[in-house]
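Subject: Structure for you to look at

Hi,

Here is the structure I promised to pass on. Please open it next to this email and follow along.

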Amino acid sequence: ELTAYHQSLVDKIRNITQFDRVMIYQFLEDWSGEVIAESTQPDRGSYLGLRFPASDIPAIARNLYRLNPYRMIPEAKAAPVPILSHDCATPELSYSDLRSVSPVHVLYLNHMGVVASFSVSILVGGQLWGLVACHHPKPAFLSLQNREDCARLVHDYGLDIAASGVNRYLRLL
């Protein structure tokens with residue numbers, strides 16, 4: 001039942017985004033992760049069931065995912081644009097969903113054949129539980145409406161996962 005629910009979410013997100021691959025990446029206790037659901041083009045291969053080390057999504061990135069509901073990378077290879085201000089203060093970009101991409105992450109995406117990505121945080125009980133990761137081989141930009149629609153679906157999914165855990169716990173009592 002839960003597997004079908006995971007699949008339903010990735011199918012809905014893929015329908016909204018039109019990205020080639022959409023996955024649910026669940027964090028484990030040691031912050032490694034596993035792909036537990038996937039919707040992709042048939043010729044793309046599969047990441048379903050693959051596990052990744054915690055270093056793939058470092059603590060600083062996980063903290064940003066906890067603070068910010070989603071992040072859009074329309075073109076990973078785009079040149080960074082400087083931010084200009086009236087003073088010399090470094091701007092606070094933690095809550096920005098459109099930021100420059102670190103060279104290490106650009107390389108990571110390049111190895112996967114990904115140019116555009118969109119990630120949505122899955123919070124359960126206020127804690128980072130996982131991510132919905134969307135990948136596309138060409139530049140792609142999602143409208144604010146589409147990003148918000150995805151964020152709403154994933155937020156509701158997180159609430160349902162939390163409720164499922166509570167229900168399992170109550171059945172044990």
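Keep in mind that this is a predicted model.

Start with the turn between two strands. E1 and E2 make a hairpin, with five residues between them. Trp31 sits in that turn and has a positive phi of about 70 degrees. The two strands, E1 and E2, run antiparallel and are joined by seven bridges. E2 covers residues 33-40.

E1 has another partner. It pairs with E6, residues 127-136, in the antiparallel sense over six bridges. Tyr25 shows both pairings well. Its bridge partner in E2 is Val35, and its bridge partner in E6 is Leu131.

How many of the seven residues of E1 are buried? Six of them are, so this strand (residues 21-27) is largely enclosed by the rest of the structure.

Now the helix. H1 runs over residues 2-17, which makes 16 residues. From first C-alpha to last, H1 reaches 23 Å, close to the 22 Å expected at 1.5 Å a residue.

Which residues of H1 are buried? They are His6, Leu9, Val10, Ile13, Arg14 and Thr17. These residues cover an arc of only 130 degrees around the axis, which puts them on the same side of H1. An α-helix has 3.6 residues a turn, so residues three or four places apart point the same way.

The face of H1 turned away from the buried side carries Ala4 and Asn15, both exposed. Just after H1 comes Gln18, with a positive phi of about 65 degrees.

Best wishes

How values were computed
Residues are numbered from 1 along each chain as its sequence is written. This is a predicted model: local features need pLDDT of at least 70, side-chain atom pairs count only at pLDDT 80 or more; totals for chains, interfaces and linings use all residues. Side-chain values use heavy atoms; hydrogens and water are left out. Buried means under 20% relative accessible area, exposed over 50%, partly exposed in between (1.4 Å probe, protein chains only). Helices (H or I, at least four residues) and strands (E, at least two) are DSSP runs, numbered from the N terminus. Two strands pair if DSSP finds at least two bridges between them. The expected span of a helix is 1.5 Å times one less than its number of residues. The arc is that of the directions from the helix axis to the C-beta atoms.
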